[in-house]
Amino acid sequence: MESAKEKLKQEAHLLIFPFPLQGHINTMLRLADALSFAGGLRISFLNTDHNHRLLSFFSPSQYSRFSLRSKFRFLSIPDGLPDDKPRSVNQVIELVISLRTRSMDSFRELLLASGERDPDGWPPVTCFIVDGAMPFFMDTAQALGIPAIVFRTISASSLWVYLHIPHMIEAGELPFSGDADLDEPIKSVPAMESFLRRRDLPSICRQATKAEDEVLQLFANISASATRSKGLILNTSNCLEAPILSQTHSLFPITYAVGPLHSLVESITSSSVSASLLAEDRSVLIWLDAQPDRSVAYVSFGSLAQLTGEEFLEFRHGFVNSGHRFLWVVRPDLVAGGTAAVEMVESEERVRLVAWAPQEEVLRHRAVGCFITHSGWNSTVESAATGVPMVCWPRAWDQLVNSRLVGEVWKVGLDMKDVCRRELVERMVRAAMEGEKAVELRHVAAEMAVEIGRSVGEGGDSRLDFERLVRDILSLSL
Ligand code: UDX
């Protein structure tokens, strides 16, 4: 008879490793949750030591919910930066370099120890889902014979644009000078010719001054590296990005469009996952309960974006002048060098400030009428899934592409990128909250939310891709 040890050896063991930032951890933990419910898999979820501490401290209920499962565990390795160093927007590149150089030995040791020397007696890792922002870990795992699947947390559209950096350079569309007309269309990104402008390209394209720009090349190479994997997972759905997904298939024939993951998780498990690295202030839900239907504009610029004191005040004046109520996420590091501006807003009657909100629940609340967002991909799909119209003020990277999708392609929001004057803020808020335009936006957004619900439900596109992913992980693990 087969011994228990031999049986354990044959079990599929999936390792999941997100890039160590809030938006990435949230999405990949949602994927891990759905996979854990699918059964047949042991899952090790790898964080950096720094984020592991934050997650267990600030999200204890989520943390213990996962830790109680016999076939799920959290692991961690150092990110190589000193403990007291901030890991915010200005340190992202430093973090990547540190992970690539200083964390690699711990990662390799973790893979080599899995199986015979595993501290919990778990079987060897048989499959690896790696965040595509860190392809070097994929290379290490594959060199040890472990098949890897890449997860990109950005939209298919943003990925498609990054992949076309070399084409834009060849066509003379990149780089462009600082005084170039930003409304000029971009023609060398297939399937986007009708709506993509210079203005909508990821921020690194505006910043580049020469074709050999290192950051441009880095983003293009990181995006292309997913072709070396066994497949590509995206937090999107056919109902959101079908025309682009049909294009990306040419490069990534094995793509799993399993999103929006928070909706998929909800559909499969009837609960939600929120892996916050900051303490969630749930009292805002009580405050929302006391507000009339669709009377509150929810404002959040995600986990990394920063505003100058001047920008913050322009928003403040625009909000106050609109006469609406606001629930505004003001992280401790949101306003670069400016507590005075924040203190001024704290005394406003109709504005409720919060350091970190339970965003998914806020967006689902009946009192929320629109979402003023930086267009991070998670925030975008979370809003789309609840049918809440958006006012987009993207700050950087992929967000500039996402806001164009929202405003021009899906037509579920308004894109105010590049400008935040108080008059415009007021006009945008009014348009999203009152009058004919608001009714139209709400109508289209509600239809999109229904499509998303179908997609993640039994037999829907995202659900079928998810089921295919589970089957493929199991067969790669044989
Ligand atoms: C960044 C990129 O902009 C994004 O496009 C990429 O996919 C991941 O990295 P971030 O800027 O943090 O992410 O934005 P976003 O993708 O929107 O993620 C923020 C997450 O934090 C969301 O899941 C949101 O629900 C959560 N959040 C935000 C909270 O839980 N509470 C808050 O108060 C604010």
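**Close-up views of a predicted model**

**View 1. Helix α6 passes helix α7 in a right-handed crossing.** A crossing is right-handed if the near helix is turned clockwise from the far one by less than a right angle, and left-handed if it is turned anticlockwise. Helices are DSSP runs of H or I with at least four residues, strands are runs of E with at least two, and both are numbered from the N terminus. This is a predicted model, so local features need pLDDT of at least 70 and side-chain atom pairs count only at pLDDT 80 or more, while totals for chains, interfaces and linings use all residues. Residue numbers start from 1 along each chain as its sequence is written. The axes of α6 (residues 104-113) and α7 (residues 135-143) come within 10 Å and cross at roughly 35°. Axes here are lines fitted to C-alpha atoms, for helices over the stretch in contact, with angles from 0 to 180 degrees between N-to-C directions. M104, F107, R108 and L111 of α6 meet F137, T140 and A141 of α7; two residues are in contact if their C-beta atoms, placed from the backbone, lie within 7 Å. By class, this contact has five nonpolar, one polar and one charged residues. Ala, Val, Leu, Ile, Met, Phe, Trp, Tyr, Cys and Pro count as nonpolar, Asp, Glu, Lys and Arg as charged, and the others, Gly among them, as polar.

**View 2. Seven parallel strands make an open sheet.** Follow the strands in the order β3-β2-β1-β4-β5-β6-β7. β3 (72-77) and β7 (255-257) stand at the edges with a single partner strand each, so one side of each is left without a neighbour in the sheet. Neighbouring strands are turned by 20° against each other on average, direction ignored. Strands pair if DSSP finds at least two bridges between them; β1 (residues 12-17) and β2 (residues 41-48) have five, in the parallel sense. Look for A12, whose bridge partner in β2 is L41.

**View 3. A second open sheet has six parallel strands.** Here the order is β12-β10-β8-β13-β14-β15. β12 and β15 (413-415) are at the edges, each with a single partner strand, so one side of each has no neighbour in the sheet. The twist averages 15° from one strand to the next. Three bridges pair β14 (residues 390-392) with β15 in the parallel sense, and C392 has D415 as its bridge partner in β15.

**View 4. Strand β10 (residues 325-329) is mostly covered.** Four bridges join β10 to β8 (residues 296-300), and another four join β10 to β12 (residues 351-354). W328 is the bridge partner of V299 and has L353 as its partner in β12.

Conventions. Buried ≥ 20, exposed ≤ 12 C-beta atoms within 10 Å, placed from the backbone.
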